[in-house]
Amino acid sequence: MTSIASETHVIAELRGRVGCITLNRPKALNALSLDMIRSLTQTLQAWKDDDSVLAVAIRGVNKEGPFGSFCAGGDIRFFHQAALAGDEALEAFFTEEYALNHLIHTYPKPYIALMDGIVMGGGMGISQGASLRIITERSKLAMPETNIGLFPDVGGGYFLSRCAGRLGEYLALTGRVLVGREAITAGLADGFIDSSRLPGLWNSLERTPFENGASVERWCASHLNTVAPPAPWPSKEVDRIFGLPDVPQIMTALAATDSDWARETAATLRQRSPLMLHVVLEQIRRARVMGLAEDLRMERDMVHRCFHLCPGADSETVEGIRALAVDKDHAPRWNPARIEDVIPAQVAAFFESPWAADAHPLRHLG
Ligand SMILES: C/C=C/C(=O)SCCNC(=O)CCNC(=O)[C@H](O)C(C)(C)COP(=O)(O)OP(=O)(O)OC[C@H]1O[C@@H](n2cnc3c(N)ncnc32)[C@H](O)[C@@H]1OP(=O)(O)O
């Protein structure tokens, strides 16, 4: 077994014929730094061409030990610091993270994600492209970006828009957390295993003689319960309301619906960035007819807009992160403050690319 020092935030080791990756930054719930993204990319590229590696498995650790947290997303404190300092590493971060997401979605060997605990934002980006997405009763999956004045990136437009009906719009706008097997119902996980059985599964990867990548995947899948429980959200209402043409109409329909779900959903949306609600609705609808690479290029344009604005314009994302993770006052000052005050030109600006097609940082993605 080859192993890298355990102080590193990404531990890559060959266990038997399976390349095993452990995200090891528990103090920040394994939030992804640029170094971690580079380490993951280099590891996956090396294993892609290594015949001794049949398949890849990835997990995270929490403060108590292995498993318990997968990844809480990109390192939003870094985003905040880098945006205020004008640090060019922020541009590299998004380009390299989205390229990593694409690599995982198109990986030629089985890639098995053990999504125990928190799986949010960038954590979804390194697991939704997996050939086998495994969740436990502790899993909490979400694309919570509207809460920090961002949008569901890392391919979120692609994978959320593929959820049934208008579930993608609902999850993207609200950032609703899918707990445990709800993720199977949403189509964002493939199978369930009780968290107490994860260490046994992981350790057996080394001991079990596999013939090929498919046998690794079949063996892992044989330990899973794939039954989807009934949807805990009212699917017909989700489709009716989140299929409406714009955010003000969604809010009006929620207000006219007499149910706890409608009241809670409206209250959640009122806390989110009004501007980003409009932007995200447009993102999901555009992404529904895009392939993955096209979606990632669109998201790369959008994220550039989030952090590099016209002189005088405030960044919703910088403000959202300040409120959640820097000052922790949970009182973002959104601009515009009201859903009704967002104008179409503000939304349209997010879908203008700052690059010519042949100079786009993700032009090489096929
Ligand atoms: C291109 C990529 C884009 C993205 O991925 S955008 C990011 C998407 N993800 C998020 O927005 C999630 C942000 N995090 C949270 O909302 C909360 O955390 C959780 C709900 C996940 C967990 O809450 P709780 O159990 O109360 O833990 P805690 O005290 O908030 O977090 C423990 C420590 O982890 C740090 N942390 C959590 N998530 C991130 C992150 N994404 N980037 C950087 N640090 C993070 C916190 O700040 C804190 O640290 P300290 O103990 O020093 O205060």
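Biologist: In this predicted model, how far is a nitrogen atom of the ligand from a polar backbone atom of Ala72?

Modeller: Ala72 is listed among the closest of the residues that surround the ligand. A polar contact needs a pair of N or O atoms within 3.5 Å, and the pair formed by a ligand nitrogen and a polar backbone atom of Ala72 has a separation of 2.9 Å.

Biologist: Which residue places a polar side-chain atom 2.5 Å from an oxygen atom of the ligand?

Modeller: A polar backbone atom of Ile76 lies 3.0 Å from a ligand nitrogen, but here a side-chain atom is asked for. The polar side-chain atom that is 2.5 Å from a ligand oxygen belongs to Lys328.

Biologist: How much of the ligand's accessible area does the protein cover?

Modeller: On its own the ligand has 970 Å² of accessible area, and in the model the ligand sits in the largest pocket.

Biologist: Which element gives the largest share of the shell around the ligand?

Modeller: The elements that contribute two or more residues to this shell are α2 (76-85), α3 (89-105) and β6 (118-120). The largest share amounts to three residues, and the element that provides them is α2.

Biologist: Turning to strand β7, which residue stands opposite Phe192 in β10?

Modeller: Strand β7 (residues 132-135) has both faces covered, with Leu132 and Ile134 buried on one side and Arg133 and Ile135 buried on the other. β7 pairs in the parallel sense with β5 (residues 111-115) over four bridges, and with β10 (residues 191-192) over two bridges. Met115 stands opposite Ile135, and the residue opposite Phe192 is likewise Ile135.

Methods. Residues are numbered from 1 along each chain as its sequence is written. This is a predicted model: local features need pLDDT of at least 70, side-chain atom pairs count only at pLDDT 80 or more; totals for chains, interfaces and linings use all residues. Side-chain values use heavy atoms; hydrogens and water are left out. Buried means under 20% relative accessible area, exposed over 50%, partly exposed in between (1.4 Å probe, protein chains only). Two strands pair if DSSP finds at least two bridges between them. A residue is near a molecule or strand if one of its heavy atoms lies within 4 Å of it. A polar contact is a pair of N or O atoms within 3.5 Å; within protein, one must be able to donate a hydrogen and the other to accept it, and residues adjacent in sequence count only if both atoms are side-chain atoms. Accessible areas come from the Shrake-Rupley method with a 1.4 Å probe; for residues, only the protein chains shown count as cover. On a 1 Å grid over the protein atoms alone, a cavity is a set of points where a 1.4 Å probe fits but cannot get out, and a pocket is an open set with protein on both sides within 12 Å along at least five of seven lines; lining residues have an atom within 4 Å of a point. A molecule sits in a cavity or pocket if more than half of its atoms lie within 2 Å of its grid points.
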